[in-house]
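Dear colleague,

Please find below the sequence and the structure for your review. My notes on helix packing follow directly after them.

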Amino acid sequence: MTLNRDRHEEIKYRLRQRGVSLVQIARDLEISAGSVTAVSQGHRRSRRVEQALADALETTPEELFPDRSIGRKKQ
């Protein structure tokens with residue numbers, strides 16, 4: 001799994017522009033903020049977190065995390 005700190009910083013920036021934070025997404029999902037950060041940074045994968053981040057940014061997980069969508073079924 002590729003760590004991508006630049007993408008993580010971009011995600012945080014884009015979320016801030018929309019008035020949303022990683023902590024808020026974590027609360028909405030009822031998980032720890034560290035778990036959301038780990039997914040955003042590329043340490044872990046979670047379709048649920050990837051989808052929540054994409055939804056908050058009005059995009060798709062495939063566009064937000066193109067390197068992770070290989071082999072993923074399209075819905």
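In this predicted model, Leu22, Ile25 and Leu29 of helix H2 are in contact with Arg48, Val49, Ala52, Leu53 and Ala56 of helix H4. Sorted by class, this contact comprises 7 nonpolar residues and 1 charged residue, with no polar ones.

Two packed helices are described by the angle between their axes and the distance between the axes. For H2 (residues 22–29) and H4 (residues 47–56), the axes come within 11 Å and cross at roughly 125°. The crossing of H2 and H4 is right-handed.

H4 also packs against H3, at an angle of about 80° and with the axes 10 Å apart. H3 and H4 are therefore roughly perpendicular to each other. On the H3 side the contact is made by Val36, Val39 and Ser40, and on the H4 side by Val49, Glu50 and Leu53. By class, the residues in this contact are 4 nonpolar, 1 polar and 1 charged.

Which residues of H4 are buried? They are Val49, Glu50, Ala52, Leu53 and Ala54. The buried residues of H4 pack against helix H1 (5–17), H2, helix H3 (33–41) and helix H5 (61–64).

Glu50 lies in helix H4 and has a relative accessible area of 0%. Glu50 therefore counts as buried, the cut-off being under 20%. The C-alpha atoms of Glu50 and Val39 are 7.2 Å apart in space, while the two residues are 11 apart in sequence. Val39 and Glu50 both belong to the contact between H3 and H4 described above.

The C-alpha atom of Gln51 is separated by 5.6 Å from that of Pro61, which is 10 residues away along the chain.

Finally, a note on the backbone: just after H4, Glu58 takes a positive phi of about 55°.

I would be grateful for your comments once you have looked through the structure.

With kind regards

Conventions
Residues are numbered from 1 along each chain as its sequence is written. This is a predicted model: local features need pLDDT of at least 70, side-chain atom pairs count only at pLDDT 80 or more; totals for chains, interfaces and linings use all residues. Side-chain values use heavy atoms; hydrogens and water are left out. Axes are lines fitted to C-alpha atoms, for helices over the stretch in contact, and angles run from 0 to 180 degrees between N-to-C directions. Helices (H or I, at least four residues) and strands (E, at least two) are DSSP runs, numbered from the N terminus. A crossing is left-handed if the near helix is turned anticlockwise from the far one by less than a right angle, and right-handed if clockwise. Contact means heavy atoms within 4.5 Å. Ala, Val, Leu, Ile, Met, Phe, Trp, Tyr, Cys and Pro count as nonpolar, Asp, Glu, Lys and Arg as charged, and the others, Gly among them, as polar. Buried means under 20% relative accessible area, exposed over 50%, partly exposed in between (1.4 Å probe, protein chains only). Angles under 35 degrees count as roughly parallel, over 145 as roughly antiparallel, 65 to 115 as roughly perpendicular and the rest as oblique.
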